[in-house]
Amino acid sequence: MPKQPVFPGLRYAMKKKQTRREKFLAEMEEVVPWTRLLALIEPHYPKRGARGGRPPMPLETMLRVYFLQQWYALSDPMAEEMLYDSEAMRRFAGIELGDDRIPDETTILNFRHLLEKHALTERLFVEVNKHLADQGITLRSGTLVDATIIDAPSSTKNEAKARDPEMSSTKKGNDWFFGMKAHVGVDADSGIVHSLETTTAKVHDSQVWDELLHGRETSVWADKGYVSAAREAAFSGHDKFWGVMRKAPKGGALDPIDADINRIIAMVRARVEHPFRVLKRQFGYLKTRYRGLAKNRAQLFTLFALGNLFLVRRKLMA
């Protein structure tokens with residue numbers, strides 16, 4: 001004899017265990033500054049026309065779905081599928097199955113294009129950092145500078161029969177990579193990303209520097225790829241520390257004192273890897289999702305904004 005059907009909401013309420021997804025979404029629900037971010041987007045969001053017609057999806061629903069895409073590395077079609085499949089995601093998005101419309105993949109794509117068109121993801125990044133500053137998580141004295149390679153699909157089995165022309169190849173160690181780079185400035189104290197720049201992969205890390213500093217640093221920290229006598233001289237002062245890894249002279253050995261300094265620098269610099277780990281391990285962002293630098297750059301601003309919130313969520317929830 002078949003079981004009597006149970007209302008989905010009642011079944012959900014009777015659950016005895018909270019899943020990791022539910023715990024994560026509950027944390028992010030609490031730490032995302034929804035009011036500030038919605039106010040930023042609202043002037044650009046379409047309104048219902050004077051002649052009526054089908055009203056647009058609620059703005060908050062679309063922003064929540066967009067964030068779900070970033071946290072779970074979902075394409076537009078997969079985001080729609082997961083809203084049908086996952087009760088936890090529907091609840092986070094404020095959607096009740098059977099009562100509310102679920103945005104289809106085209107609606108989800110159009111919302112992303114809206115953010116890209118008005119450069120809103122960069123403003124979201126800035127607004128999140130302003131929110132963190134208001135919560136007492138402000139920039140301190142030091143900045144960690146680094147870059148990470150983001151792979152792009154190298155296959156030519158696509159409609160254009162070609163690789164993305166805005167991506168390029170670079171060699172790291174003995175391996176070659178094809179894609180782009182995300183260059184970041186990270187606060188040495190809190191570990192949050194305060195500056196972001198993107199380039200094609202072949203651009204050397206050291207070519208992006210000034211864009212990553214906020215200008216009030218008393219210390220900067222970076223690996224050997226950023227060694228520069230001119231920059232070191234410009235940063236000199238009794239209250240400043242040049243925390244760029246020391247390099248051995250060509251054909252010579254590294255001085256023991258410099259080796260000790262490098263060990264100290266390495267311990268401080270380790271924090272710069274935390275935002276990259278969040279994007280690549282926590283959010284599953286391993287490859288570019290779109291063609292061209294502009295769309296991927298827009299996504300990276302959102303990812304690092306959400307990554308900042310994730311990194312300091314315990315402080316925000318305390």
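How many of the 19 residues of helix α12 are buried? The count is 14, so α12 is mostly covered, where buried means under 20% relative accessible area, exposed over 50% and partly exposed in between (1.4 Å probe, protein chains only). This is a predicted model, in which local features need pLDDT of at least 70 and side-chain atom pairs count only at pLDDT 80 or more, while totals for chains, interfaces and linings use all residues. Residues are numbered from 1 along each chain as its sequence is written, and side-chain values use heavy atoms, with hydrogens and water left out.

**Helix α12**
- Helix α12 covers residues 293-311 and reaches 26 Å from its first C-alpha to its last, close to the 27 Å expected at 1.5 Å a residue (1.5 Å times one less than the number of residues).
- Helices here are DSSP runs of H or I with at least four residues, strands are runs of E with at least two, and both are numbered from the N terminus.

**Salt bridges**
- The whole structure holds 17 salt bridges (a side-chain nitrogen of Lys or Arg within 4 Å of a carboxyl oxygen of Asp or Glu).
- One of them pairs D134 with R36 at 2.7 Å, N to O; D134 lies in helix α8 and R36 in helix α3, so the pair ties together parts 98 residues apart in sequence.
- D134 is exposed at 54% relative accessible area, whereas R36 is partly exposed at 26%.
- R90 and E87 also form a salt bridge, with their closest N and O atoms 2.5 Å apart; the two are three residues apart in helix α6, about one helical turn.
- R90 is buried at 5%, and E87 is buried at 17%.
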